[in-house]
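Hello,

Here is the structure I promised to pass on. My notes follow below it.

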2 protein chains.
Amino acid sequence: MSFEFELIKTCKQSGARLGRFHTPHGVIETPIFMPVGTKATVKAMLPEELKEIKAQIILSNTYHLFLRPGNELIKKAGGLHKFMNWDGPILTDSGGFQVFSLGPLRKITEEGVHFRSHIDGSKLFISPEIAVEIQNDLGSDIMMAFDECAPYPADEEYVKNSLERTTRWAKRCKEAHKNTENQALFGIIQGGMYEELRRQSAKEITDLDFPGYAIGGLSVGESKKLMYEVLNYTTPLMPENKPRYLMGVGSPDDLIEGVIRGVDMFDCVLPTRIARNGTAMTSRGQVVIKNAKHREDFTPLDPECDCYTCRNYTKAYLRHLFKENEILSARLLTYHNLHFLLKLMEDVRESILNDRLLDFRKEFFSKYGYDEKLNLL
Amino acid sequence: MSFEFELIKTCKQSGARLGRFHTPHGVIETPIFMPVGTKATVKAMLPEELKEIKAQIILSNTYHLFLRPGNELIKKAGGLHKFMNWDGPILTDSGGFQVFSLGPLRKITEEGVHFRSHIDGSKLFISPEIAVEIQNDLGSDIMMAFDECAPYPADEEYVKNSLERTTRWAKRCKEAHKNTENQALFGIIQGGMYEELRRQSAKEITDLDFPGYAIGGLSVGESKKLMYEVLNYTTPLMPENKPRYLMGVGSPDDLIEGVIRGVDMFDCVLPTRIARNGTAMTSRGQVVIKNAKHREDFTPLDPECDCYTCRNYTKAYLRHLFKENEILSARLLTYHNLHFLLKLMEDVRESILNDRLLDFRKEFFSKYGYDEKLNLL
């Protein structure tokens with residue numbers, strides 16, 4: 001049955017959750033990382049390559065697709081899956097985060113957000129109802145409610161007003177969303193870095209009864225320590241029988257710490273963006289491929305990795321491609337980085353199954369070069 | 001046996017040749033188009049994708065690899081095949097064409113060419129012996145003699161001096177090349193647009209007895225009509241039992257006209273370069289993907305094409321990717337264009353086998369929108 005979340009087990013060592021979320025385009029094994037395909041393409045990757053590295057679900061951005069090529073065009077094309085040739089599950093965000101990030105170009109009212117396109121300056125408007133309509137046109141499996149993501153830092157009164165508006169907007173989204181058979185609408189819990197406000201938001205949003213819940217407003221500039229603290233008191237406020245999605249998080253340590261704190265789903269542009277900038281995530285930490293020390297290094301990026309890139313290419317070749325600004329550089333590093341995070345989540349799922357996620361974290365952090373003490377529960 | 005050229009048959013209708021050229025990394029079915037991988041990568045393509053579209057041999061540029069990452073590094077990597085993960089045949093040019101194209105940055109002497117790097121202005125020198133040494137380090141299956149490609153237009157005396165120097169340099173290349181077991185050195189016939197000079201160059205170069213011959217100095221700005229005229233009198237001067245390579249040619253009509261005039265091998269950046277600029281070659285002529293008329297066109301690029309791009313994506317999606325400057329645009333259009341030219345050459349080979357290449361030309365030109373009368377024999 002679509003949108004059922006099965007909680008398979010909880011790790012005895014860490015409390016992390018192993019689950020399965022059913023969508024019309026397939027089952028997602030959680031915890032999972034979702035590669036980001038902002039403009040109806042995961043940059044530099046083919047859908048078949050995403051399957052090869054076992055991507056289970058990808059994310060696409062409502063704001064960008066609303067602007068270009070437009071949700072109506074994608075609807076005419078038969079929906080986002082068909083348009084981009086991806087037959088697995090897709091999650092779309094609501095566009096809220098992007099329009100709020102426009103700063104002086106946008107104005108928030110109770111009705112919605114007036115803003116100017118970052119491309120051509122044209123005047124545009126997104127309301128909760130419009131965000132739902134756009135996502136209905138896109139036909140994503142998981143839609144996000146139109147929320148207000150408060151900046152960091154922000155004072156308590158601002159964050160309180162903002163989360164209360166987010167609740168009112170969540171209600172309007174729910175009312176506007178008719179296609180509940182094929183598209184699940186997730187609610188978003190806000191509240192910034194204030195425990196009392198997270199508690200209020202979690203109560204208000206979960207009372208609306210969504211098929212899944214996201215934690216918004218984190219990874220917006222606060223310290224890792226603070227983010228983990230907020231997670232510590234927020235995830236226990238969320239229903240056990242629904243998937244929990246931490247938005248915009250994707251560094252290896254944050255993924256592991258998030259899972260340990262009960263999160264099931266993550267997304268972030270980090271692996272794909274740093275790949276295009278020439279940085280690889282490896283079992284021994286980050287590799288900056290342009291560094292001179294790799295010039296005559298005829299070993300693979302990551303000695304422990306069995307991905308296509310690591311099986312076939314040396315650091316010397318990857319450095320050459322990057323320095324020459326060759327498209328193949330972005331392809332090979334993106335492939336590797338996404339494979340790295342997806343494999344990490346596979347290892348995390350296996351560690352939960354074997355009740356040893358804390359041991360896994362210790363091993364992984366020690367090799368990667370993270371200081372485990374920074375990430376205490 | 002390596003470097004044997006088998007002339008399988010001659011088309012009774014057109015005189016075109018069907019052949020097989022044996023190299024240490026495989027047999028090449030001719031006539032063939034060679035995708036260009038200037039800097040040890042065919043831009044935007046993986047080696048496996050080149051195999052998928054049946055690329056039989058690729059070309060790489062000595063000048064670019066000499067500058068960066070340097071032939072010594074590639075030698076240390078185990079040669080160009082291993083460095084770039086391509087196990088099929090590779091042809092390298094001599095660097096001559098590129099250094100002559102540097103214009104005021106280079107000075108030609110009998111010893112060789114002094115020039116400044118187009119990257120950092122450093123002073124460099126390539127002689128026939130150095131061109132051979134670089135290509136020996138790269139380990140290409142087919143190497144090209146270091147020649148002087150005269151500009152167009154150029155007066156007869158200039159071209160004569162230039163072709164005679166090319167002959168002296170060809171001798172020096174031959175003497176410098178020791179690895180004849182694993183690498184075939186091709187001679188290059190020059191002579192510009194002067195029949196008498198082409199005759200002189202063909203005589204001098206073929207007297208040196210190379211395992212294959214190229215026609216240089218064409219596709220340098222002259223009209224198609226003039227190029228075909230030069231081919232008309234040049235290919236009959238070349239030995240029947242050796243492959244004939246027309247350098248720098250790659251538009252569909254030029255490939256067909258070249259084959260009809262007895263050419264076996266071609267290379268050009270055209271299909272890959274125009275792909276990155278958003279232009280596709282199709283059975284109905286060129287498609288400029290950014291054009292507004294493709295905005296809601298949910299049909300494939302080419303209704304007759306069965307390549308990966310045409311099987312899975314619409315013009316509307318490709319237009320979106322191109323306008324958003326997505327890497328996938330370059331990937332999908334490059335894949336299609338190379339597939340198109342390689343499939344064209346496959347059709348050409350089949351037409352030779354069936355003694356109907358002139359019929360094929362007529363059908364192809366009529367669909368593509370070429371005026372056949374412009375290309376009379």
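The UniProt annotation "active site", from an unreviewed entry, covers Asp93(A) and Asp267(A). UniProt positions are given in the numbering used here, feature names are shortened, and annotations may be inferred rather than shown by experiment. The two are spread over 175 residues of sequence, yet they cluster in space, with a largest C-alpha distance of 10.5 Å.

Before the details, the ground rules. This is a predicted model, where local features need pLDDT of at least 70, side-chain atom pairs count only at pLDDT 80 or more, and totals for chains, interfaces and linings use all residues. Residues are numbered from 1 along each chain as its sequence is written, chains are lettered from A and ligands numbered from 1 in the order in which they are written, and side-chain values use heavy atoms, leaving out hydrogens and water.

Asp93(A) first. It sits in the loop between β6 (90-92) and α5 (96-100) of chain A. Helices (H or I, at least four residues) and strands (E, at least two) are DSSP runs, numbered from the N terminus. Asp93(A) is buried, at 9% relative accessible area. Buried means under 20%, exposed over 50%, partly exposed in between (1.4 Å probe, protein chains only). Contact here means heavy atoms within 4.5 Å.

Now Asp267(A). This residue lies in strand β14 (265-267) of chain A. Asp267(A) is also buried, with 8% relative accessibility.

On to the interface. Chain A puts 38 residues in contact with 38 residues of chain B. The two chains bury about 3,500 Å² between them, 54% of it on carbon and sulfur atoms. That is the accessible area (1.4 Å probe) lost on being put together, summed over both. Ten salt bridges are counted between the chains. Each is a side-chain nitrogen of Lys or Arg within 4 Å of a carboxyl oxygen of Asp or Glu. One of them joins Glu326(A) and Lys43(B), at 2.7 Å, N to O.

Best wishes
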